[in-house]
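The exercises below concern one protein model and its sequence. Please work through each task before reading its solution.

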Amino acid sequence: MSETRAEVPPGLEGREIEAFSLRGESFLFDVASGLALGAAAAHEAAASGVLAEVLDAAAADEQPAPPPGRGHLALMWAGECNLACTYCHAETARQPGVEVEPQTLADTVSFAERLLGNGCERVVFTFGFDGEPLLHLPRLRSLVEAVRQTGDARLRCSITTNGTLLTPDRVKELERLEVDVGLSLDGPREVHDAARRFPSGDPSYDAVLPGLFALRQSRLPSLRRVPAFVTLVPGIGRPALVAEHLIDLGFHRFTMVPARPRMGSGPVPGAQQTATLAETYGEYADRLLEALAEGDRRFLAGINPGDLFGRSVLGLCRRSRSRYGCAAGRHEFAVGPDGALYPCHAFYGAPKWACGSVSQGLDATLATEFAEATVEAKSACASCWARHLCGGGCVASAVVSGKGLRSPDEQRCALIRAVAREAVRLCVLLGEQSEQGLALLMDHAASVDL
Ligand code: SF4
Ligand code: SF4
């Protein structure tokens, strides 16, 4: 990495400031106010004596924490897949042929209604975190039927598909069911095929594109505007290259997240892998800067809270103060075919983390443990300059790295902070170089649903 420490302007001693130089330019991030500044402008403002006042005023205008928003239930009911992706979490916990009893289905819908009662504005059921949901269309139909019977429009059904089984007829069926769809696609052919292959070893990219084009023919805008879910593999997936490809394919929204280590099995990525991936975000920030300065909005497709880089950019634009890295164990859960609850899909199948059932409700002890694992309660996070942008990281990664719920995974933290610095660089340089580009970004940030 080309990042080094930078000088903090005089008069700001005692403030919590991240001051760094990156690719030849220096930047400051004031933690209390959430303001990002170019070092030259900051030194100038400090010399005229106004900077501390500006930062104090901004810090006093603290942004409220966002409400719970969306609840999410990942239904681990597919149990099998027609692909064998190298980084798949679900591989170890798959249960082909397992039935989901009608009572479990009914209890799952009732559990979602309880989440609505606990303050969630809506709850989304996602079918497909443990395999390919199109292998189980009858199960999806039963789910949609049970949800429709509630008459509550705040409950939505969605699938995440690998796209290889999407035909025009299946797209018509998804239209009838009014199910939202997300497509797993890792980027250009050679990037996608590096990890996403059939069990025979055959590549899958060319089998996905017909499915994407079938969705694009749908009469439903939600299917035509299908988002892409990208898993980045260090050394293979470069965010700039992947984003460019997805934009060329016409995606209006995509999320890119580095592959997570598997619960109970896969290796935790090493420092070199993390550094390799972190470096590629500089290239991505440059590409975004160039596009926005030219008035090109298409790269905003990646600026959303599910995307690692997008989350930091949104946090800077909105000066939000995240208290959690995600909603796992609070209003996000995975549900097994037997109705067992887990804090999220990444915990699924690890008995230690089973946290109740859809019929009996949540295990109070684990629920409290997750609710209390705020960013302020994690000692490593308390002194981390990126804490309000990050919220305390992925708790599943923390658990896999062997430290437990309140001790984040250090490799992941190094990546999060490197990405957050690139987000600071993007926002500051955009502000200095292009009023129009910054306005595009700020308008987008204000409109994004957190
Ligand atoms: S980067 Fe790591 S230490 Fe910093 S807030 Fe996030 S999880 Fe905590
Ligand atoms: S714990 Fe990690 S994998 Fe699970 S929902 Fe949170 S961020 Fe995602």
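Helices (H or I, at least four residues) and strands (E, at least two) are DSSP runs, numbered from the N terminus. The model is predicted: local features need pLDDT of at least 70, side-chain atom pairs count only at pLDDT 80 or more, and totals for chains, interfaces and linings use all residues. Residues are numbered from 1 along each chain as its sequence is written, while chains are lettered from A and ligands numbered from 1 in the order in which they are written.

**Exercise 1.** Determine which helix gives the largest share of the shell around ligand 2.

Solution. A residue is near a molecule if its C-beta atom, placed from the backbone, lies within 6 Å of it. Among the residues around ligand 2 are C394, V395, A396 and S397. Helix 15 (residues 395–400) supplies the largest share, three residues. For classes, Ala, Val, Leu, Ile, Met, Phe, Trp, Tyr, Cys and Pro count as nonpolar, Asp, Glu, Lys and Arg as charged, and the others, Gly among them, as polar. The shell around ligand 2 then holds seven nonpolar, two polar and two charged residues.

**Exercise 2.** Identify the residues that come nearest to ligand 1.

Solution. Of the 14 residues around this ligand, C381, C384, C390, G393 and C413 come nearest. Two or more residues of the shell come from each of helix 13 (379–382), helix 14 (387–390) and helix 16. Helix 16 gives the most, with three residues. By class, the shell around ligand 1 has nine nonpolar, two polar and three charged residues.

**Exercise 3.** State the strand order of the open sheet of eight strands, and explain why one side of each edge strand has no neighbour in the sheet.

Solution. Two strands pair if DSSP finds at least two bridges between them. The order is 10-9-8-7-6-5-11-12, with mixed pairing. Strand 10 (254–258) and strand 12 (341–342) are at the edges; each has a single partner strand, so one side of each is left without a neighbour in the sheet.

**Exercise 4.** Follow the pairing from strand 5 to strand 8.

Solution. Strand 5 (residues 70–75) pairs in the parallel sense with strand 6 (residues 122–127) over six bridges, and L75 has F127 as its bridge partner. Strand 6 and strand 7 (residues 155–161) are joined in the parallel sense over five bridges, where V124 is partnered by R156. Strand 7 and strand 8 (residues 180–184) pair in the parallel sense over four bridges, with S158 opposite D180.
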